[in-house]
Amino acid sequence: MNSMHEKYISRCLELAKKGAGTVSPNPMVGSVIVHNGIIIGEGYHRKCGEAHAEVNAVNSVKNKALLKESSIYVSLEPCAHVGRTPSCADMIIREEIPEIIIGSTDPYFQVAGKGIQKLESAGRTVITGVLESECIDLNKRFYTYHQKKRPYIILKWAQTKDGYVDFERKPGSEKKAFWITNSYCKTLVHKWRTEEDAFMIGTNTVILDNPQLTARNWVGKNPMRVTIDEFCELDNSFQLFDNQADTIVFNSQKNHKLDKLNYIQIDFKIDIIPQILKYLYDLQVLSLVVEGGSKTLESFISAGLWDEARVFTGDYNFGKGVCAPQFVAEAKTTEVFGNSELRWYYNNEK
């Protein structure tokens with residue numbers, strides 16, 4: 001593979017990452033325009049509904065006459081259809097850019113090779129597959145959503161060195177949750193909340209911990225909050241119902257929406273996870289973080305419905321308590337934050 005092509009697609013990937021947390025349900029995309037070995041334009045998709053990366057790159061070029069002698073690099077295939085924004089393939093043809101270098105093809109059925117076909121039919125030189133695996137990995141949420149028809153699922157929990165996530169606690173107990181990791185890890189989780197579409201917890205976690213699931217320790221949007229309450233027993237005194245973010249309560253009793261709180265009725269006589277994932281898919285939720293509790297996490301693990309796991313281990317031993325979820329996978333990455341470790345796992349069996 002041409003090393004210069006890889007250099008410029010790498011730059012596209014750097015730019016694309018700037019759209020994390022603001023472009024969903026669209027993919028993160030970066031674009032670079034090169035004339036005689038010099039970058040004359042750059043752009044990335046900033047926000048869903050706004051201009052795509054290729055348009056922003058073209059708009060950044062001061063001397064538009066150079067476009068006819070330039071190459072445009074883009075991390076994902078240019079769109080061929082008119083949606084919230086015009087077709088990028090048509091724009092490239094209109095600007096008479098002769099060469100297009102693409103990282104990966106778009107899995108979305110309205111694009112899926114049609115952008116490449118349109119460019120080639122217009123007589124343009126199109127090169128594909130440059131740093132393809134890196135480009136697909138960047139948009140793994142987008143690819144999972146379109147190929148598997150469900151959100152990309154991330155499991156997340158914190159455990160002690162001896163493998164417990166909590167003390168044994170019952171609803172109404174005065175014993176409060178013990179913070180297993182440290183403040184840096186907490187801030188990191190809040191950053192993740194600005195980057196992922198939805199965070200989910202089970203009924204007992206709402207009752208025992210009364211979490212907010214907001215990104216109050218980081219700048220950015222709050223995620224959608226998701227919980228399960230089969231018989232609608234949770235009252236509005238819990239912080240999850242404070243209207244700070246869109247909140248979905250899956251239950252067996254009713255469909256009802258009030259402000260940002262949405263009760264969705266599902267059938268608890270059959271497996272509820274596929275029903276939850278189908279509803280979130282229909283809402284165009286690209287990523288779901290399952291944050292607890294242990295039973296909820298284990299239900300996703302036993303179903304094989306997870307793509308990634310982020311497991312914190314703090315410098316504590318409980319001796320007894322609620323056991324951490326168990327799964328078979330090898331950590332791909334380990335990071336150390338003071339007295340805590342973070343291990344990243346990926347599901348190769350999915």
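**Rings and cores in a predicted model**

Reader: Is F250 buried or exposed?
Author: F250 is buried, because its relative accessibility is 0%, and the cut-off for buried is under 20%. Keep in mind that this is a predicted model.

Reader: Which residue does F250 form an aromatic pair with?
Author: F250 pairs with Y279, edge-to-face, at 5.7 Å centre to centre and with 85 degrees between the planes. F250 is in strand β10 and Y279 is in helix α9, so the pair ties together parts 29 residues apart in sequence.

Reader: And Y279, buried or partly exposed?
Author: Partly exposed, with a relative accessible area of 23%.

Reader: How many aromatic pairs are there?
Author: The structure holds 13. In one of them, the ring centres of W192 and W344 are 5.8 Å apart and the planes stand at 75 degrees, so that pair is edge-to-face. W192 belongs to helix α7 and W344 to strand β17, 152 residues apart. Both W192 and W344 are buried.

Reader: Which rings link into a cluster?
Author: W157, W306, F327 and Y345 are linked by ring pairs.

Reader: Switching topic. Which residues touch the most others in the largest nonpolar core?
Author: That core has 30 residues, and those with the most contacts to other members are I153, L155, W157, I276, L280, L288 and F300. Helix α9 gives the most to this core, five residues.

Reader: What does L288 contact?
Author: Beyond its neighbours within four places in sequence, its contacts include I153, F199, L280 and F300. Apart from this core lies another, of 24 residues, including A53 and L119.

Reader: What sits over the ring of F199?
Author: The charged end of R193, 5.6 Å from the ring centre.

Terms used:
Residues are numbered from 1 along each chain as its sequence is written. This is a predicted model: local features need pLDDT of at least 70, side-chain atom pairs count only at pLDDT 80 or more; totals for chains, interfaces and linings use all residues. Side-chain values use heavy atoms; hydrogens and water are left out. A nonpolar core is a set of buried Ala, Val, Leu, Ile, Met, Phe, Trp, Tyr and Cys residues joined through side-chain atoms within 4.5 Å. Buried means under 20% relative accessible area, exposed over 50%, partly exposed in between (1.4 Å probe, protein chains only). Helices (H or I, at least four residues) and strands (E, at least two) are DSSP runs, numbered from the N terminus. Contact means heavy atoms within 4.5 Å. Rings of Phe, Tyr and Trp (its six-membered ring) pair if their centres lie within 6.5 Å; planes under 30 degrees apart count as stacked, over 60 as edge-to-face and the rest as tilted. A charge sits over a ring if NZ of Lys or CZ of Arg is within 6 Å of the ring centre and within 35 degrees of the ring normal.
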